[in-house]
Amino acid sequence: MDHKLRHAARTYGGLLIMGVAAIPIGLIIGAIDAIFGRALLAIGSFRDAHLIFLLPFLALAGLAIAFCYKTWGKNTSRGMSLVFDVGHGREESISLRLVPLIMGGTWITHLFGGSAGREGVAVQIGATVSHWIGRKLPFKHPGNTFLLIGMAAGFAGLFRTPLAATVFALEVLVAGRLEYRALFPALIASLVASATSGALGLEKFEVALTATVSLDATGITRLAILGVVFGIVGGAFAWCLAHAKTLAGRLAPNPYVRIGVIGVALSILLFALWQGRYCGLGTNLISAAFANGATIYSWDWIAKFILTIVTLAAGYQGGEVTPLFSIGASLGIAISGLVGIDPLLCAALGYTATFGGATNTLLAPIFIGCEVFGFSYLPAFFIVCAVAYLFNMDKSIYTLQERA
């Protein structure tokens, strides 16, 4: 009995200590996310107001990014691949220089009109900071727990969705397996990071839906059809992104040539296609999808799809998730009439399930749907995201994601 008590004390005592350690990690990462996120929003607004003067210099901005990474980046240019290698034990550490480089590179990308996101940046920042702190603390054999804590905190601090952030960190390294040992500290860090960034003025995106969901045979069939569509689109995005990066690297091995040439083409395309409608995060498309009377064109989703892939394949910095949200929401509006589902609800389902299809995750998109659009829609999000998970062709934007 004494042995069992001592074992329980060690187990839960260690878990409690890890949870306490997660609090300052969440505070630090939440503060960094607030700085990064608010600056990015301000940069986007400034770009939109001066697009005609900034977009022509996208190629030069790309050359500056390439120079910074070539000069000071070491292996930090690998981004999420480096994070996954550390998570799988193939690399030991992530240099702290990743934080200023990824933040600065992403700000420059968005200032000059590149079509990219922000989630990957926040996750990389969180993973880098937390893993560095964890290596300084006297924990025996923590494994990748601190990395997962940081990934969760980075996601939560930026999107203000701590539940989704927690399960995202637990399930993304290995598709089909949850890293339960990090559940408690990751949840603590996520809650703290979300509260911290909120207190520092980073607003959460939320939409109050009013549509009703029918779960009869017809309603479930419609939801399943949406899941198939969103899963295929998400998986196709991941597949196309991986092959576009490979093709760009093969055709233009020199990073300066690659980003310079593609940057010039992007400047022309982004301006020619509705004068910058597809620049930046894609939050303009998300806002339009959920605003009554705003215009969403039937081709918005595919234009954002292609231009985001080209931007990232060229070597510009930023994430994929917010563009995926915009792609899914735009696609949802475009096909809502075909499946007979309320347009705003269909946009919400696309917002979440396309993200799930592209990241090969199941729980994270369900919880994002609940935290952004309301827990009363949990059954609909579960059905659509589950089907999307099954039909995404087992693809992921994270090429080093392993399968259970």
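This is a predicted model: local features need pLDDT of at least 70, side-chain atom pairs count only at pLDDT 80 or more; totals for chains, interfaces and linings use all residues.
Me: What about Arg78, buried, exposed or in between?
Reply: The relative accessible area of Arg78 is 32%.

Me: What makes the contact of Arg78 and Asp85 a salt bridge?
Reply: Their side chains meet at 2.3 Å, N to O. The cut-off is a side-chain nitrogen of Lys or Arg within 4 Å of a carboxyl oxygen of Asp or Glu, so the pair qualifies.

Me: How do you know that Glu402 and Arg90 form a salt bridge?
Reply: The closest N and O atoms of Glu402 and Arg90 are 3.0 Å apart. The limit is within 4 Å, so this pair also qualifies.

Me: What makes this pair a link between distant parts of the chain?
Reply: Glu402 sits in strand β2 and Arg90 in the loop between α4 and α5, 312 residues apart.

Me: Which accessibility class do Glu402 and Arg90 fall into, and why?
Reply: Glu402 has a relative accessible area of 32%, and Arg90 has 44% relative accessibility. Both values lie between 20% and 50%, so Glu402 and Arg90 are partly exposed.

Me: Why is the pair of Arg181 and Glu179 called a salt bridge, and how is each residue classed?
Reply: The closest N and O atoms of Arg181 and Glu179 are 2.5 Å apart, and the limit is within 4 Å, so the term applies. Arg181, at 44% relative accessibility, is partly exposed. Glu179, with a relative accessible area of 6%, is under 20% and therefore buried.

Me: How many salt bridges does the structure hold, and which residues are joined into one network?
Reply: There are 10 salt bridges in the structure.

Me: What lines the largest pocket, and where is its centre?
Reply: The lining has 36 residues, and Ser77, Arg78, Lys245, Leu312 and Gln317 lie nearest the centre. The pocket holds about 830 Å³ of space. Its lining draws at least two residues from each of several helices, among them α3 (58-72) and α13 (300-314), while α10 gives the most, with 5 residues. By class, the lining has 18 nonpolar, 12 polar and 6 charged residues.

Me: What is the volume of the second largest pocket, and which residues are closest to its centre?
Reply: The second largest pocket has a volume of about 420 Å³. Its lining has 20 residues, with Leu41, Arg118, Glu203, Lys204 and Phe205 closest to the centre. That lining divides into 11 nonpolar, 5 polar and 4 charged residues.

Me: Which residues have the most contacts inside the largest nonpolar core?
Reply: They are Met151, Leu226, Phe290, Leu349 and Phe373, in a core of 123 residues. The largest share of this core, 11 residues, comes from α7. In soluble globular proteins, nonpolar side chains tend to be buried together.

Me: What is Phe290 in contact with, leaving aside its neighbours within four places in sequence?
Reply: Its partners are Phe205, Val207, Ala329, Leu344, Ala347, Ala348, Tyr351 and Phe373. Contact means heavy atoms within 4.5 Å, so each of these residues has a heavy atom within 4.5 Å of one in Phe290.

Note on methods
Residues are numbered from 1 along each chain as its sequence is written. Side-chain values use heavy atoms; hydrogens and water are left out. On a 1 Å grid over the protein atoms alone, a cavity is a set of points where a 1.4 Å probe fits but cannot get out, and a pocket is an open set with protein on both sides within 12 Å along at least five of seven lines; lining residues have an atom within 4 Å of a point. Grid points are joined across faces, edges and corners, and a volume is the space filled by probe spheres set on the points. Helices (H or I, at least four residues) and strands (E, at least two) are DSSP runs, numbered from the N terminus. Ala, Val, Leu, Ile, Met, Phe, Trp, Tyr, Cys and Pro count as nonpolar, Asp, Glu, Lys and Arg as charged, and the others, Gly among them, as polar. A nonpolar core is a set of buried Ala, Val, Leu, Ile, Met, Phe, Trp, Tyr and Cys residues joined through side-chain atoms within 4.5 Å. Buried means under 20% relative accessible area, exposed over 50%, partly exposed in between (1.4 Å probe, protein chains only).
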